[in-house]
2 protein chains.
Amino acid sequence: MSHRPPELSPVAPSLGALSPVPAGDVHVTGGFWHARQQLTTEKLLDHCDSWIERMGWYDAFRVAAGQPSGKELKGKLFTDADVYKLLEAFAWEVAQRPDPVREARLAELSGLVAAAQEDDGYLNTFFGPRGRDHRYGDLADGHELYCAGHLLQAAVARLRAGVQDALTTTAVRLADRICEDFGAGGLSGSDGHPEIEVGLMELYRATGEVRYLDQARRFVEQRGHRTFPHHAIGDEYYLDDVPVREATVLRGHVVRAMYLTAGAVDLAVETGDEELLGALVAQWENTWARRTYLTGGMGAHHLGESFGKDFELPPDRAYCETCGAVGAVMVAWRLLLATGEAHYGDAIERLLYNMIATSPNATGDRFFYVNPLLVREPGISTAEGEAPFRKDTLRASWFWVACCPTNVVRLLASLSGYVATVHENTLTVHQHVTGEIVTELPDGREVGVDVVTDYPWNGVVTARVTRSAGSWALRLRVPSWATGASLEVGGAVTAVEPGYAEVAREWSVGDVVILRLPVEARLLHADARVDALRGMVAVQRGPLVYCAESVVGAQGSVDLDRFRLDERVPLDSVAADGPSDAAAAVRVSGVLASAETDRRWPYEGSPPVGPEEAASPTRADVDLVPYYAWSHRGPSTMRVWIPVQEP
Amino acid sequence: MSHRPPELSPVAPSLGALSPVPAGDVHVTGGFWHARQQLTTEKLLDHCDSWIERMGWYDAFRVAAGQPSGKELKGKLFTDADVYKLLEAFAWEVAQRPDPVREARLAELSGLVAAAQEDDGYLNTFFGPRGRDHRYGDLADGHELYCAGHLLQAAVARLRAGVQDALTTTAVRLADRICEDFGAGGLSGSDGHPEIEVGLMELYRATGEVRYLDQARRFVEQRGHRTFPHHAIGDEYYLDDVPVREATVLRGHVVRAMYLTAGAVDLAVETGDEELLGALVAQWENTWARRTYLTGGMGAHHLGESFGKDFELPPDRAYCETCGAVGAVMVAWRLLLATGEAHYGDAIERLLYNMIATSPNATGDRFFYVNPLLVREPGISTAEGEAPFRKDTLRASWFWVACCPTNVVRLLASLSGYVATVHENTLTVHQHVTGEIVTELPDGREVGVDVVTDYPWNGVVTARVTRSAGSWALRLRVPSWATGASLEVGGAVTAVEPGYAEVAREWSVGDVVILRLPVEARLLHADARVDALRGMVAVQRGPLVYCAESVVGAQGSVDLDRFRLDERVPLDSVAADGPSDAAAAVRVSGVLASAETDRRWPYEGSPPVGPEEAASPTRADVDLVPYYAWSHRGPSTMRVWIPVQEP
């Protein structure tokens, strides 16, 4: 069906099962995500701004604009995109939380970007006519259109807030240039790193200009025909191995795969291309079922930052780049809007709590880039102010390749836009946050609910109707793991299944619905085909994945190489919940295996003696912490998957 | 102690516990390795020669020599080294198996190399004065001294055969140039890829020129002080993170680590530097105990072709480059000669049977490059004549980066030099091959044994004395896995322990010693710290690691994802040995687990139902084949480590 055009939404499809409730209609006022929105407002945005300045990536625009920067030019192939992602974050932020200082900064930076644009609309600080590399001279690896796509997304954020300014004008001119250059009769290539597709699709939605959709379609359809130069890393890396509508699973570079898929979903939705949408749904489902880590992270290969084969998910070699999670949220939200299926909301929840929340530290001045699930040696700390080359460090202030921080920040700044949807006579709340939603149903009736919850620490989600007009339906997502959930309406409690708990009735202001989700910690077992997880379990508590850290626990440091979790001890009998985030430990019980002694050759000899066979196994407890909080207390070894005591 | 100078030995230390028996004193006449020597003589050498010509890597020398090649220049930074490795292989080959045609080809190619040398002795086809890149302009990544080191090794092979020719003259002039340029008061850098060190050390041994030793010392000692340009891949990659004598384990790029270690052992031995030797021994031991796969392969990271952390050994992500195994044989042989400890002979045996023998196919026209221990999708075939960029293919005719084939061939051509040693009054046979050894003890007495064995298919090794003079000792290596071995001398059988079985007596010609090694297939369990191998076993038969292939077995294809090995069934009751190499299967017995059905999310739900809990578990047998023979029958999935049926 067709919707009213949404405002201030990161994604604004004109067709699909669900229509997003704009970020402006959702006011998050407390709890887990409010804290992270506050961190964004108070710390993360300025942190990124100052680091981009410090790294010289604004200087690249100053030089391109003909302004002497007084600094050595340090921009890299792709750093324009980091500027644009920050501008997008600024745009979402000022639209929801007005701030004249930030508005002025956004205007200043938008002016800088505009000044760097060529007369014919082309814009990239690394390529171009002024002594730089030849325009479109290295499409496979040059990131020109990738950068452009991010500018388009930034401009869309402004347009959705009803603003037209230097940023939006610049973006439209660049989009027109690209359509001219790569349109019918023009150049036939596309960018090795997708992103232009999703940028063009959203710009089409924001402006109604069909040429952007046509150009996006051209880029999507030409992909997969092995048109990029043959490279040692393989065609998969560029998603150039199989046409988009023929692929059955995502592969190659994770972020590239996600960005391409996001743009392709937009294309499929806007053109009513059910075949393409069906292919993309299948790719997502196979990827989620076979190529995704417990945290929602993706990418088993450091080389090429890419997916492994099905079920090839070694926790120690997990790459799980933060940007991949941002891209996965983009795709899952689009597929949720297109199909209305609740499991996409589950996926978004998993990605938010275990990948996005993991990225920044508590003080908002360091970020993770790579997110392994097993760390065998205490992670490498970087000095304050160091921007490491390497990606196996703990959180760092910045990175030499710094795609992740601004990506997280633009998502956090627009997070309210991923909370709820409307369709027909229904308001659906997909993410359980404390705050108020006041929005319009597709028929124009205003409805509102005020939600209070301590989720994920507590499973009680209380929604009070604050606006109503006649009969409509309220739906709350019940996560797939929430077996035993219940819904209370007017004192009557009914069991609800995973999916959506729905109440359709004549609502009055003040009516209350209480969803109770069982957030107790539970043990997880992996599909037997994930070889790397054989004989191990993980703990999840509500949506939160937990982990053991070598530094954690009142019991002092436990040798994680020796700890064997005893599955027979019910977790609720050892739970060690605390009131606060930091103390929200889950205690698990087990034994310490005998220390392995080094053999000259690690594969000879009898099976290792199990702890139960040792004379007096030492019992031990380990307090797990939420994965997102790992290394908050300093360098440590870490395990999400814990070996079990053999029965 | 000091030795007589050995002839025709790949390594010729003047000090150390053992002295190598020269390749010319060891005539392998039958069995497993004779077949591979024959393959080398009849196929591999010519295959490499024709591919180097085809790839244009000789043309790089023709162009450097001022000869028009008539072809587009295709040499790469490191391809000079492949030419030199092949010349080294030719040199070993003609010294043992004279062939006028091959001798002429070697002379022709040596002349070509000599013609490319600059007037001042410098030689590299990629760098230099004739319009090429600036000499020593990119020491970290340019591979100039790496290539030079291989030329020195090739020249040493000629010198050890008593030949002085264009090749040896060219090498000496280049070595002198390098000593001049990098000696006292000269340049301070060294090559990002070690190899020059071991080349200089052997050239020192072959010529007695102390300046080569001094220069090797300079290169070894300056390493590890973080002198290479800072690079995203990290100082470890270049072995530039820790000084050689301070390191405790090998790390970074496997081949670089092994070549550097080989040169450093040579340095430590020749200078009597016990501290350095002790450090290198500890590095080897820690690497072998904690960073080595069951096959002897090394390198858990594709990115950087590098070692992982301790016990980070995922079988599917194993890089295990063939060149790393060649390098490991170089190091282990040097440490065996230096220390006399039998476990180095075990390591060489493991590397030879499971890495070196795995590389070429049976017809000698394809090679493996990367050697994983778990292959989840049938390996990628390459067309005849294709030299793939990618390293995740099955055996290929050649590679775009083709370090491995010539490396394997130079080792196979010199293999007789790695079989036996002498010291004091003792002849030790380290590798059990059919053939005759006639050599001199350090005191000049000639001794000889004729060995007959079907090892590794059969554990009986019969050694008959063919030359004797008074009292001397014969030692035969008993591998570490050979519990229950026995030695029969003159009809008397005694049990022997792993290490060396030694008989010292007055030998007469015709005396016979029979070593009986228990080569029955056995199950192996990994150190519990190798997380990726939890709940799995492997099968080894004598020195041979076995694997399951999806294409193998009279029972048809078994789904390797579902097979669970039953450890309770003794292997000897299901053994399926055959008389020939190809039929040398080991049958294992187990059950087929229920097929895993795809879940939407692979980590939710109850523990997988074990086969024993299923109504009627389907029993299944799988015939394992030696790992070296995997994919001989075409693309397949493959597993070295097999999940066990839960008790």
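## A tour of the interface between chain A and chain B

Start by selecting the residues where the two chains touch: 66 from chain B and 66 from chain A. Keep in mind that this is a predicted model.

**Stop 1: the two copies.** Colour the chains separately.

**Stop 2: the buried area.** Show the surface of both chains. The size of an interface is often given as the accessible area lost when the parts come together. Here chain B and chain A bury about 5900 Å² between them. Carbon and sulfur atoms account for 53% of that area.

**Stop 3: charged partners.** How many salt bridges cross the interface of chain B and chain A? The rule finds 14. Pick one: select Glu604(A) and Arg350(B). Their side chains meet in a salt bridge, at 3.8 Å from N to O.

**Stop 4: polar contacts and elements.** Between chain B and chain A, 17 residue pairs are in polar contact, with both residues at pLDDT 80 or more. Next, stay on chain B. Select helix 10 (274-290), helix 12 (342-356), strand 14 (521-524) and strand 15 (536-541). Each gives two or more residues to the side that touches chain A. Helix 10 of chain B has the largest share, 4 residues.

**Last stop: residue types.** Colour the chain B side of the contact by type. You will find 26 nonpolar, 14 polar and 26 charged residues.

Conventions:
Residues numbered from 1 in each chain as written. Chains lettered and ligands numbered in written order. Predicted model: local features only at pLDDT ≥ 70, side-chain atom pairs only at ≥ 80, totals over all residues. Heavy atoms only, no water. Contact = heavy atoms within 4.5 Å. Buried area = accessible area lost by both parts, 1.4 Å probe. Salt bridge = Lys/Arg side-chain N within 4 Å of Asp/Glu carboxyl O. Polar contact = N/O pair within 3.5 Å; in protein donor to acceptor, adjacent residues only side chain to side chain. Nonpolar A, V, L, I, M, F, W, Y, C, P; charged D, E, K, R; others polar.
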